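Student: Could we go through this model together? I would like to start with the record and then move to the ligand.
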Amino acid sequence: NETIYILAIESSCDDTSAAILSNKKVLSNVTATQKIHEEYGGVVPELASRAHQQNIVPVVHQALDKANIDKKLVSAIAFTRGPGLMGSLLVGTSFAKSLSLGLNIPLIEVNHMQAHILAHFIEGQPDGAPEFPFLGMTISGGHTQIVLVKDYFDMEILGETLDDAVGEAYDKSAKILGLPYPGGPLVDKYAQEGNPKAFLFPKPKVDGLNFSFSGLKTSILYFVQRETAKNPDFVQENLKDICASIQKTIINILMDKLKKAVEQTGITQIAIGGGVSANSGIRNALKMAEKNRGWKTFVPKFEYCTDNAAMIGIVGHLKYQQNKFAKQDVSAKPRYVL
Ligand code: KG4
Ligand code: ZN
């Protein structure tokens, strides 16, 4: 069996990333994170595409250098076609198409949300790879979905957010608390030192396996406004407890829906993906469910949770094996459904 070398490119939001995979093994995974958005408290699409334009050539060169392979060895180029920001996607898409033409090798288009789930098939993941069928939960800054994964390319969305994504809920709560963007990791950090029972935030009532997070953000805003009116230092004095209480509420919302999905499907293998899978609360809750509920849970390595090209590369590998190639006229697709 020949070795398949995939050069993968991810540029759907604010991270420019390139990776080289040798079969299912990651040889390099280089990401340039855009710092510019911090100043604005969120991703500014126009600035993101400009930064991708500047970063993409050096990032691809670094990925090739680190993998220490000649670009003549590359079997195919995989790139994120969507979903994501149009301007950002266009940079990666155009670059990948040009490179495929220049090197005269096949092109593979990848759905970013599929990639967050299929990242579990990268060699060397701590929990190994799940077996079909399993439940995927993608929790990121742009998406919150529970997915029934029947096969690599046969997935069905069982539920998703009706408004904000869970990462967005973290980031917006953090902003209310005066924390810099992206605030999710900071809320997580303070939460680990606080009392989760200090404050109570309401859980939304949403049917089925769908989610809603916009109400939580509003209740946190009103709560902070009300308490700050009484004591201007309320947030500083209670930051860890507030964060722990927010974290508990969010993790309960996610776990309630997962339990429901397990009941509905009878499937007890759960694989999570996306930036919020880095969260200590969800990681602990899943470990508890392994013990108490007999689930088998899969959490990716940290570097494959947030946006990265290695996960695009594994999808590239799997599609290469199935001869699923894209044509040169393929275009970016900001609203690419799973
Ligand atoms: O997957 P990702 O890198 O980009 C998107 O596709 O959105 O996810 C980024 C999101 C951000 O909202 C960030 O705050 C959140 O993931 N995040 C976390 C943690 N690490 C990243 N949220 C909570 N706890 C964390 N430890
Ligand atoms: Zn993502």
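Student: At which residues does UniProt place the feature "domain: Gcp-like"?

Tutor: The unreviewed UniProt entry places that feature at residues 25-313. UniProt positions are given in the numbering used here, feature names are shortened, and annotations may be inferred rather than shown by experiment. This is a predicted model, in which local features need pLDDT of at least 70, side-chain atom pairs count only at pLDDT 80 or more, and totals for chains, interfaces and linings use all residues. Residues are numbered from 1 along each chain as its sequence is written, and chains are lettered from A and ligands numbered from 1 in the order in which they are written.

Student: How is the protein divided into domains?

Tutor: There are domain 1 (5-119 + 305-321) and domain 2 (128-299), with bounds from an automatic or database domain assignment. Their C-alpha centres lie 27 Å apart.

Student: How many residues of each are in contact?

Tutor: 14 residues of domain 1 are in contact with 19 residues of domain 2, where contact means that C-beta atoms, placed from the backbone, lie within 7 Å. On the side of domain 1 that touches domain 2, the largest share, 5 residues, comes from α3. Helices (H or I, at least four residues) and strands (E, at least two) are DSSP runs, numbered from the N terminus.

Student: Now the ligand. Why does ligand 1 lie between the domains?

Tutor: Domain 1 and domain 2 both give residues to the shell around ligand 1, so ligand 1 lies between them.

Student: How many residues surround it, and which are the closest?

Tutor: 18 residues surround ligand 1, and the closest are Ser-140, Gly-141, Gly-167, Gly-184 and Gly-275. A residue is near a molecule if its C-beta atom, placed from the backbone, lies within 6 Å of it. The elements that give two or more residues to this shell are α4 (166-176) and α5 (184-191).

Student: Changing topic, why is α9 described as largely enclosed?

Tutor: 11 of the 12 residues of α9 are buried, so α9 is largely enclosed by the rest of the structure. Its buried residues pack against β1 (5-10), β2 (15-22), β3 (25-33), β4 (76-82), β5 (107-111) and α3 (112-118).

Student: Which residues does a cis peptide bond join?

Tutor: One cis peptide bond joins Phe-132 and Pro-133, with omega about -5°. Another joins Tyr-181 and Pro-182, with omega about -10°. Pro-182 lies in the loop between α4 and α5. Most peptide bonds are trans.

Student: Where is Asn-104, and what is its phi?

Tutor: Asn-104 is in the loop between α2 (86-103) and β5, and has a positive phi of about 55° although it is not a glycine. Asn-104 is exposed, with 6 other C-beta atoms within 10 Å.

How values were computed:
A residue is buried if 20 or more other C-beta atoms lie within 10 Å of its own, exposed if 12 or fewer, and partly exposed in between; C-beta atoms are placed from the backbone. Two residues are in contact if their C-beta atoms, placed from the backbone, lie within 7 Å.
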